[in-house]
2 protein chains.
Amino acid sequence: MKAKVYVTLKPGVLDPQGKAIRNSVGLMGYGGIADVRQGKYFEIALDESLGGERARETAERMAREVLANPVIEDYRVEIE
Amino acid sequence: MKAKVYVTLKPGVLDPQGKAIRNSVGLMGYGGIADVRQGKYFEIALDESLGGERARETAERMAREVLANPVIEDYRVEIE
């Protein structure tokens with residue numbers, strides 16, 4: 001079983017890395033790029049023995065406690 | 001218009017950061033975590049004036065040339 005966790009900065013939080021990418025691609029000649037924001041992405045392989053409910057619970061807890069900083073980041077968990 | 005770009009290491013490529021996360025959560029008492037792999041995630045805001053076709057083209061090119069290293073990374077682009 002696989003969980004995908006997406007971690008993004010909350011809307012109000014400055015993202016200097018994203019800004020740097022936007023400026024760079026602007027200088028490289030890409031047109032029409034209004035904004036870039038960078039986040040993190042995790043693929044977690046879970047033992048099949050966990051079962052769907054436990055797997056989601058584990059992935060959600062891991063996202064909240066380990067992978068994201070809930071003060072400045074949002075996260076989203078998908079189970080496949 | 002928004003493009004989402006997911007960048008992941010190719011399957012054969014070692015991911016020490018992912019391994020470190022897996023070991024840490026193991027020590028923290030999380031059970032059933034077989035593997036963790038870390039990737040990157042980008043949200044790109046594109047000018048509406050680009051239109052769907054041009055927007056996808058721009059995002060794909062940016063993923064290939066700037067955001068991912070095609071030697072060791074795969075990428076996926078979604079347009080919303």
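**Salt bridges, ring contacts and the A–B interface**

Over all chains, the structure holds 16 salt bridges. The model is a predicted one. Side chains of opposite charge can pair when their charged atoms come close. One such pair joins A:E65 to A:R61, with the closest N and O atoms 3.9 Å apart. Both A:E65 and A:R61 belong to helix 2 of chain A, residues 51-67. Four residues separate A:E65 from A:R61, about one turn of the helix.

Across the interface of chain B and chain A, the picture is a plain one: zero salt bridges are found there. Polar contacts are present, however. Between chain B and chain A, 14 residue pairs are in polar contact, both residues being at pLDDT 80 or more.

The secondary structure of chain B shows where its contact side comes from. Strand 1 (2-9), helix 1 (16-27), strand 2 (33-46) and helix 2 (51-67) of chain B each supply at least two residues to the side that touches chain A. Strand 2 of chain B gives the most, with 14 residues. By class, this side of chain B has 18 nonpolar, six polar and nine charged residues.

The extent of the contact was also computed. Chain A contributes 33 residues and chain B contributes 33 residues. The size of an interface is often given as the accessible area lost when the parts come together. Here the area buried between chain B and chain A is about 2700 Å². Carbon and sulfur atoms give 62% of that area. In chain B, the residues that lose the most area to chain A are B:Y30, B:Y41 and B:M62. Together these three account for 21% of what the chain B side buries.

Aromatic rings were examined next. Five aromatic pairs are counted over all chains. Ring pairs link A:Y6, A:Y41, B:Y6 and B:Y41 into a cluster. A:R76 lies over the face of A:Y6, at 4.2 Å from the ring centre. In chain B, B:R76 lies over the face of B:Y6, at 4.2 Å from the ring centre.

Methods. Residues numbered from 1 in each chain as written. Chains lettered and ligands numbered in written order. Predicted model: local features only at pLDDT ≥ 70, side-chain atom pairs only at ≥ 80, totals over all residues. Heavy atoms only, no water. Phe/Tyr/Trp six-rings, centres within 6.5 Å; stacked < 30°, edge-to-face > 60°. Lys NZ or Arg CZ within 6 Å of the ring centre and 35° of its normal. Contact = heavy atoms within 4.5 Å. Buried area = accessible area lost by both parts, 1.4 Å probe. Salt bridge = Lys/Arg side-chain N within 4 Å of Asp/Glu carboxyl O. Polar contact = N/O pair within 3.5 Å; in protein donor to acceptor, adjacent residues only side chain to side chain. Nonpolar A, V, L, I, M, F, W, Y, C, P; charged D, E, K, R; others polar.
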